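Student: Could we go through the charged side-chain pairs in this protein? Please show me the model before we start.
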Amino acid sequence: MKPFFSIVIPTYNQANQLKVTLESVLAQTFTDFEVLVMDDGSTDNTSAMVESFLDPRIRYEWAPNSGGPATPRNRGIDAARADWICFLDSDDRWYRDKLKKVAEVITTTPSLDVVCHNVKRLVVATGRKTNLRFGPFEPDFYQIMLRWGNRVSTSAVSVRRDFLNRHSLRFNQSPDYVIVEDYDMWLRVAFHGGVFNFIADYLGEYVIADTNISSNLKRTERNQLVLLRHHVYGMQTFQRDKDRLWREINARLLITKSNTQIATKQYNVGACSLILAFRSSFAWSLKYIFLRMWKKARVLERSPD
């Protein structure tokens with residue numbers, strides 16, 4: 001009998017972190033699942049650690065290193081037996097009722113293709129946790145995510161396997177998409193009409209550690225430009241003036257970069273990035289800054305924490 005969920009966990013030389021991740025999965029109150037640990041060429045004791053759990057629901061596969069999580073995630077999709085696939089990075093964690101609450105949403109709303117929830121962002125060095133909210137799902141979700149940025153967290157996603165197969169969707173394995181291959185995937189799911197549902201509960205933790213691949217900001221910026229240019233000039237059809245759309249998206253990226261630089265006390269370069277954003281698209285920069293401020297104010301009103 002096939003399980004309700006197939007949980008795909010890509011990993012590479014993270015035995016200690018993976019142990020905590022697996023413990024969070026095996027502690028789930030909803031137990032009808034299989035775990036696919038897709039090892040991307042680890043040379044540490046990952047294999048022995050996984051085998052020590054002695055749980056028949058865990059399947060472990062090793063393959064030579066591919067340079068990023070896209071390939072092992074795709075191997076997991078191909079090996080999955082369940083109708084629904086959950087993705088979980090090997091340094092992230094779930095809370096006990098995560099699968100239970102996702103299964104309830106899937107059961108009561110059979111038209112869905114993707115279910116996502118909020119998470120806590122944990123910075124290991126400081127122990128600080130902050131709230132990360134995702135969604136909401138709106139009409140023209142592809143256009144919204146392309147213009148305004150990713151609204152989905154991969155370690156919080158459950159996706160219908162048939163939807164991925166029907167549209168031949170897999171994570172892009174190109175080196176130019178490393179770190180941002182997940183954003184590209186959720187854009188393409190939305191492009192093909194995927195129906196998303198966002199659970200307001202915080203059901204897991206997104207962990208930021210020194211070894212976390214997402215900490216490579218320069219590579220993230222470079223690869224994000226590659227994927228966004230592909231969508232603007234090669235996929236999207238909602239904006240005929242592609243150069244204008246690109247200027248607007250580039251302005252958003254520059255404003256985000258400026259915020260990061262100013263937050264890290266790089267005031268001069270932060271100001272330069274902001275000036276470049278207004279040069280790219282003055283009207284869009286004003287609109288983006290205003291709406292971000294409005295959204296932040298709304299969040300503070302709703303959340304006493």
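Student: Which side chain meets E205 in a salt bridge?
Tutor: In this predicted model, E205 pairs with K129, at an N to O distance of 2.6 Å.

Student: Where do E205 and K129 lie in the chain?
Tutor: E205 belongs to strand β9 (residues 196-208) and K129 to strand β7 (residues 128-132), so their contact ties together parts 76 residues apart in sequence.

Student: Is E205 buried or exposed?
Tutor: E205 is buried, at a relative accessible area of 7%, while K129 is partly exposed at 46%.

Student: How many salt bridges does the structure hold?
Tutor: There are 18 salt bridges. One of them joins E34 to R81, with the closest N and O atoms 3.1 Å apart.

Student: What does the pair of E34 and R81 tie together?
Tutor: E34 sits in strand β2 (residues 33-39), and R81 in the loop between α3 (70-79) and β4 (84-87), so the bridge connects parts that are 47 residues apart in sequence. E34 counts as buried because its relative accessibility is 2%; R81, at 41%, is partly exposed.

Student: Changing topic, which residue forms a salt bridge with D78?
Tutor: The partner of D78 is R170, and their closest N and O atoms are 3.0 Å apart. This pair links distant parts of the chain, 92 residues apart: D78 is in helix α3, and R170 is in the loop between α6 (161-166) and α7 (181-191).

Student: Is D78 buried or exposed?
Tutor: D78 counts as exposed, at 57% relative accessibility, whereas R170 is partly exposed at 22%.

Technical notes
Residues are numbered from 1 along each chain as its sequence is written. This is a predicted model: local features need pLDDT of at least 70, side-chain atom pairs count only at pLDDT 80 or more; totals for chains, interfaces and linings use all residues. Side-chain values use heavy atoms; hydrogens and water are left out. A salt bridge is a side-chain nitrogen of Lys or Arg within 4 Å of a carboxyl oxygen of Asp or Glu. Helices (H or I, at least four residues) and strands (E, at least two) are DSSP runs, numbered from the N terminus. Buried means under 20% relative accessible area, exposed over 50%, partly exposed in between (1.4 Å probe, protein chains only).
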